[in-house]
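This report covers charged side chains and how they pair. Please look at the structure before reading on.

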Amino acid sequence: MPENIPNEPEKLDLASLDIAAQKRDELAMLFPEARTEGGKIDFEKLKAVLGEAVDAGRERYGMNWPGKSECMRTIQAPSMGTLLPMPEASVEWDASENVIIEGDNLEVLKLLQKSYLGKVKMIYIDPPYNTGKEFIYPDNYTESLQTYLEYSGQVDTGGRKFGSNTETDGRYHSKWLSMMYSRLFLARQLLRDDGVIFMSIDDNEVSNLRKLCDEIFGEENFITDIIWEKRFTRNNDAKLSSSVVDHILLYRKSDDLSRLREGRTEKSNSIYSNPDNDERGPWTSVSYISQRTRAERPNLSYKIVNPQTGNDVEHPVNAWKYSKEQYELHARENRLYWGRSGENEFPRLKRFLGELSEGIVPVNLWNYKETGTIDDGTKIVDALIGKDVFDYPKPPSLIRRMLGMVCKDDGDIVLDFFAGSGTTGHAVLEQNEDGVRRSFVLVQLPEPADKGPFQTISEITRARVKAVIENLRSAPSTLTSNERELGFRAFKLAPSNFIPWDGTASNDAAQLAKQLQLGIEHTRDDRTPDDLLYEILLKSWGEPALSLKVAEETIEGLRVFSVANGLFFICLEETVSLEFIRAVASRKPDRVVMRESAFAGNDQLKTNAVQTFKSQGVTSFKVV
Ligand SMILES: C[S@@+](CC[C@H](N)C(=O)[O-])C[C@H]1O[C@@H](n2cnc3c(N)ncnc32)[C@H](O)[C@@H]1O
C-alpha cells in the first residue's frame, strides 16, 4: 500500500459543533502569521499584524451589564443536541423547504451554524418585550441542553417551572440582555452579507436593544427605527401614557446592502395622474429648485428657457437641483412642466409611474391602515385555530411589508427564532402567491400554552401554519400546484443521536467496559436512520440541511441516502460488504459517510474501503 494512503477512515465529529473553533479557524485563515504550531491564535502577534487598528486601551466605549462576560462562554459552549425530524407533525415533508423547529432558540441557533452560515436573507424577531410578565430563558452554559430538557419536561423536572422575569428581580434587565446578546450574536452569523434583521420591541427595552445591536451589528449597519402604529385606540386605564406604537429596529449585516425599496401600493400610485395627456402615462412632478443658494452652488446657477413663453428664467436666490447637462437632457426629453399653458414661474421635473418599477424608498412610520394592527393579528389567529389561544400575535401584513422590501428572489430564506403563533410562516406563504419561492425557518420553545386546547406554544405554531396551508390550498391562485410550496418540515431539539464519551466515568470495570463499547456502538437506542441522517447533514454539510431533498436508493441490497444528486452518499447500515463499497465508489461521489460499527472487527474491509474510495476520487470518507 502506498505510504501516503491512510488505512483508517477519519471519524466525523458530531458530538458537538464548536463555534469558538470555527471563529479561531476563520482568524487563522485571515492571519496565518498569527497562528501557533498547535493551531491556536497568538494574540500578541495578531496585535502586531493589525498595528494601529488595535485598541488596547482598558477603558472602552460600549455596553456592560452583570453577566455579559458569561454570555461569551454561553455562546462558545458547544451544542450537545440535534434536531430530530417529525414527519408525522409535518405537511408535505418531501416537497417542502419550510422548517418549523421546536426547541430553545439558543441551542437551535448553534445547531444551524454549520449549514445555514451566511445563508439567511431576512430575520424577523418578536422577542419577549420584558414587560415583567414573560418567561426569560435562563441560559446555563455548562448544562444548556439539560436545562432545556428539564424545562420542556423531557427529563425529570426537579421543580423547574416557566416563571416570569419580574421587575422586582435584581437582575431584571441584565437577564434579558444576556438572553438577547447570545442569540443575536449567533443569529448575525447566519445572515447573508446583504441580509437584514427586523426586531420588534416596545419602550421597555428599546434603548437597551439598540445599544446591544450597535455592538453586535455595528452602528454603521443601523438602518432605522420603524415606528409601527399597532393600535388606534387609547387605553384610558393607563396611568401616564397609552402606548399605541411599537418599535421595529432594522439593521443590515453589512454595506453589501446599499439600497432598499418597497413595493408600490395603491396609495403611493394615487399621486400619479396625467393632466396633459402625456403619452408616457401618469406622472408626478418634483421641484427643480435646490435648497442651496446660487452663491453656494455657482455650477448649478444658469438660465433656463420656458418654451411656452420664450422667457429666460433664473431663481433669484437658489440654485437648480440639476447640472446644466442634466437640464438640457430634461428639456430634450420634454420632462419640464411649466403648468398647463406655461404659466408657472419655475419648472418642475416630471417623474413617470412607468419608470418606477423598482418601487419606492421605505419610510419609518408604518401606519395601521397600511400595515394592520395587533387586533387584526388576533382576529386572524382566532379564525384559524380558535379564539383566545395566543396573546398579541402580529398581523401577517406587518411581516409581508418587510418581505416586500427585502425578499424578492427565489430561494430567499427567512428566519424567525421567536416564532410564537407562526405569523412569519403565515406571511411567507401568503407572500409567495406572487410566484417568488421564499422559504422560512421558525423556532419556538415548547412553552406551556396557558389556555385553549394546545399543550404548548410550539403546537400552536404548527397548527396555525397548517391551517394557513389548508386555506391557501382551497383558495383560487394564479399559480399551479407545482409552483406553490404549501408545506413544512417539523423538527424538534433533542440530545445528539451520538452518546458522547464520558471522561468522568469511574474506574469501575463495568463502567469502563460500557465506555469502550460506546467507542463503536455509540448511538442512542431509540433513534432511527433518518434521525442520524439529519444530524450528519446538519453538522457536516454546508448547505441548508433541514430542507435538503434526500433521495433513497438500494445499492447491493443496502439502503443509501443520496444528497445533491449523488455528490454525498450516507449509508447507516450495520454491515456492509466489499461489493457494496465498490458499487458506491463506482458512482464517484465526492463524500461518503458510513457507520463505524459496520466495519467492527473487520480491519481488512475498512482498509479496502479507504483504498477503493480513494482510487475513485472520493475526497472525504468518514465514519460515525
Ligand atoms: C412575543 S412572542 C412572538 C409572537 C409572534 N411574533 C406572533 O406573531 O405570534 C415571543 C415568543 O418567543 C417564545 N420564546 C421565548 N423564549 C424563547 C426561547 N428561548 N426559544 C424559543 N422561543 C422562545 C415565546 O414562547 C413566545 O411564543
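Is Arg 587 buried, partly exposed or exposed? Arg 587 is partly exposed, with a relative accessible area of 40% (buried means under 20%, exposed over 50%, partly exposed in between, with a 1.4 Å probe and protein chains only).

## Basis

The model is predicted: local features need pLDDT of at least 70, side-chain atom pairs count only at pLDDT 80 or more, and totals for chains, interfaces and linings use all residues. Residues are numbered from 1 along each chain as its sequence is written, and side-chain values use heavy atoms, leaving out hydrogens and water.

## Salt bridges

The structure holds 36 salt bridges (a side-chain nitrogen of Lys or Arg within 4 Å of a carboxyl oxygen of Asp or Glu). One of them joins Arg 587 to Glu 553, at 2.8 Å from N to O. Glu 553 belongs to strand 19, while Arg 587 sits in the loop between helix 17 and strand 22, 34 residues apart (helices, H or I of at least four residues, and strands, E of at least two, are DSSP runs numbered from the N terminus). Glu 553 is partly exposed at 23%.

## A linked network

Salt bridges link Lys 121, Arg 192, Asp 194 and Asp 412 in a network. Lys 121 pairs with Asp 194, with the closest N and O atoms 3.3 Å apart. Lys 121 lies in strand 4 and Asp 194 in strand 5, so this pair ties together parts 73 residues apart in sequence.

Asp 412 and Arg 192 also form a salt bridge, at 3.3 Å from N to O; the two are 220 residues apart. Asp 412 is buried at 2%, whereas Arg 192 is partly exposed at 23%.
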